[in-house]
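Please look at the structure below with the following notes beside it.

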Amino acid sequence: MPRSLEATLAALKAAGYTTETPQELELLGNLQQLLSPFYRGDRLDSLIHYGLAEMFPVAAYRRWLDGLPAAVRAEMLEKWGEPEKSAMAIRHDDEAFFVIPRYKIGNLAILPQPPREERWTAREKSIYHSTKSPPSHFYFATYLWARERFAADAIVHFGTHGTQEWLPGKERGLSVFDYPMLAVGDVPVIYPYIADNIGEALQAKRRGRAVILSHQTPPFRPAGLHKALSRLHDLLHGWTNQDEGAVKERYRADILAAAKQERLLADLGWTEARALAEFPAFVETLHAHLHELAETAQPLGLHTFGRAPDDKHRLATVMLMLGRPFWEAAARLAGEEAPDEALIADYERLTESAPYRLLRAHLVENRPVEGPTDELREMLAKAKKWHADIGAGNELPALIRALSGRYIPTSYGGDPLKNPDAYPTGRNLYGFDPSRIPTPQAWEAGKAAAENLLAEHKKQTGAPPTKLALSLWSVETMRHQGILEAQALWLMGVEPVWDAGGRVADVKLVPRERLGRPRVDVVLSATGLYRDHFPNAMKQLARAVELAAQADETDNAVTENSRRIAAEIERQGVPAAAAKRAGLTRIFSSESGRYGTGLDDAVLASDTWKGKTEGDKKLAQLYLSRMQFAYGPDEADWGKKGDEIFAGKAVNLYAAHLKGTQGAVLSRSSHTYGMLTTDDPFQYLGGIGLAVRHLDGKPPALYISNLRARQGRTEAAAQFMAKELATRNFHPGFIQGLVKEGYAGTLQALDGLNNFWGWTAVAREIVRDDQWQEFVDVYVRDKHKLGLKQWFERHNPHALAQMIERMLEAARQEYWAADPKVVAELKARYRELARRHDVKSDNATFEKFVGLTGYGLAGAVPPAPTLPQPSEAATSAPPSSEPAPPPVITGMQLAKIEPATVASLALAVVLGLMLVTAIGAWRQGRRATG
């Protein structure tokens, strides 16, 4: 993110805007100071003194507040009290001022997006109990300052994603008095957004009033095999080619030892005894697994706005876009005997592969290709176009055009490996027509995926399922065009009816004879964004439940569960008609106008519970309370929870329907986003597992509907995660990509571990102790010898400290059965970092556990950074005594701020820029997604 900001400032200056072009380190040094008051107290005077803040009269804010409708004003005052009491307000010359952190560069001002909550809010209350939270006075004061005092001509929200578009209010058709619109007023909003996240980009358009400018995902390459796996692959070939005898026995022993050492036995779900007993089958399984790992698309670092990836990564991305037909055709053209192994090699030798060499010769060196087939010639023509499209050359010009009020061409966007037409970027994203969900093509793929799911569940558990839960996400549906919805329909034995225009006009029951199996009951958990974007699909799914429940069949689980729940609710005094509707309800989401499950914040607050039993209870109750809003057969009751539907009777209908769930499914269709990229997967799929464990005493099986490839398949979540760890978080090539990103890369490493902890907290059955140990070996002990100690030390030692804190918290709360010697080593390393880098945790229990008794540690505080001289732009003079300079904030310091993981930045006379990761933000993750 800092590099994107650096490139953007340079482009603006070149276009004639009055600004400067500080380099990345200077930008980071100044931007980090702006964040200090959100983490530590007593920093406001210091920011003013060093010219990094403006004083904005509370009286001016009050005039704006008094002009709001009485209901809006009353809600804010009830929640936050008087504006003068804000933690970001000071008194000077007997007048109250908000202190607005900002970094002014010519006619541009960069501001961190303010926290939605005041920092004094009690964690227990804010995390577990607050569901309707208007943003703080300071939040609105910051935007008001940008609009009125700074008189910004435009606001650019910089980074996916901010908080403004997720503020409480109507889902669509917002009024000027809904909170998202109150923030930005009538100032134009421009929003660079990753092309692969259409759903959230639409949220920024619909609720944030933004013009979207698409930007590229990171580049990709085939993950390849690191040295240990490459050696193992050679051993497999050696065993296969060796005659029986002592040498072949030695190969077998070496293969088993290497597979165990690299955790592959556990990843594949094989025991050592089984591998010995069925060794030829194990070799075949392991060989296929290594091929899959090597060919998996691996994102490389981060994309810098407006800059093309380097040539090597650009070519690798094109190679993945072309896919296996090209890899094998290129290998055959080069005369290789095993074209299926074209990419199965050490990741550092990718440039030696036949597909890469062919692309380089054709696209970079402009050499003619001798002897290609017509098919290969056609693929190379596509490659030439796609290579040009990956240049990112339109991104910065699009920003300049938007600031000039000119038209921005539109684009659908999407995953570039599956949909190369998502590029070139720099275009205004639009959404898929929701009335077409599912498309006929998605319907056929979804039916096959549903049968695959049933077969996989029977394989895993020994019996077919009777009740499953599916997690519906808007961003996923826009990518796969309704495959998961098709799965839900086919599981229940219902099919869509399309009109002549290709829109789903109705659904109808599939006869039992044609279905060929019992109907499966399905509970549907929809994200807040899905609820906003696909109400028509929810209507058809709700109708499908009614049809399936009415089918008079002795083995119909939909009917059986509907009647059982209706009877249970009727026994609680609910009228029979309402109880029947409750029994037919299967779709649940968060409260209308609200987003998220609350688990993202809560799992990180591991000091708010003691042990797994209490943790399960508190987290499950939080999830069930946030996701209990029902969407059943009567649209008059849509968006209501039990006590609203049943005249005050405390019924959590979602909990009633989740009981007995045997499996839960989440789809993954993007090559950029996996299970650990953001906090959403553990919130939504993990949340279902957590709730079912709480209700039934045992968790359901968790599955990933893997839709990345042309032929989707269902995989156990544990195996999917293991492959992701192997090709990303634990892979030296992936980590080297992060290292090249400097400070921003440290935050990505931290995000991965925090999200792994999220899975541990909600669905510990799919993570393993050896995976926790591997995080230690890779990031703390640097097993791949990548210089990680020096990397963290140079760019962000706080990130490493917070990773160690998360490891130790997992051990302290007994989620990870860590070796005591490892725990001691981690404690010592944390104390060292704390002494040398002024690390402070907000978790007092952890500090006691690690051997620290409070703030103000024994070591010296790091040297103060170079700061600018006091600014004449400050509204009034700073205090007479010179305050200490604010600390360098390089990572997450105290409690996670409510605004998700984005720090924004306001830009100047011409724009307001919001910077996500400069805040040392909690994760790139999403406050609410879907």
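1. A search of the whole structure finds 32 aromatic pairs, where rings of Phe, Tyr and Trp (its six-membered ring) pair if their centres lie within 6.5 Å, and planes under 30 degrees apart count as stacked, over 60 as edge-to-face and the rest as tilted. This is a predicted model, in which local features need pLDDT of at least 70 and side-chain atom pairs count only at pLDDT 80 or more, while totals for chains, interfaces and linings use all residues. Residues are numbered from 1 along each chain as its sequence is written, and side-chain values use heavy atoms, with hydrogens and water left out.

2. The ring centres of Phe 158 and Phe 305 lie 6.0 Å apart with the planes at 85°, so this pair is edge-to-face. Phe 158 is buried, at a relative accessible area of 3%, and Phe 305 is buried at 2%, where buried means under 20% relative accessible area, exposed over 50% and partly exposed in between (1.4 Å probe, protein chains only).

3. The rings of Trp 772 and Trp 816 have their planes at 15° and their centres 5.9 Å apart, so the pair is stacked; both Trp 772 and Trp 816 are buried.

4. Ring pairs also link a cluster whose members include Phe 38, Tyr 61, Trp 64 and Tyr 179.

5. The charged end of Lys 248 sits over the ring of Trp 239, 4.2 Å from its centre, and that of Arg 252 sits over the ring of Phe 279, 5.9 Å from its centre; the criterion is NZ of Lys or CZ of Arg within 6 Å of the ring centre and within 35 degrees of the ring normal.
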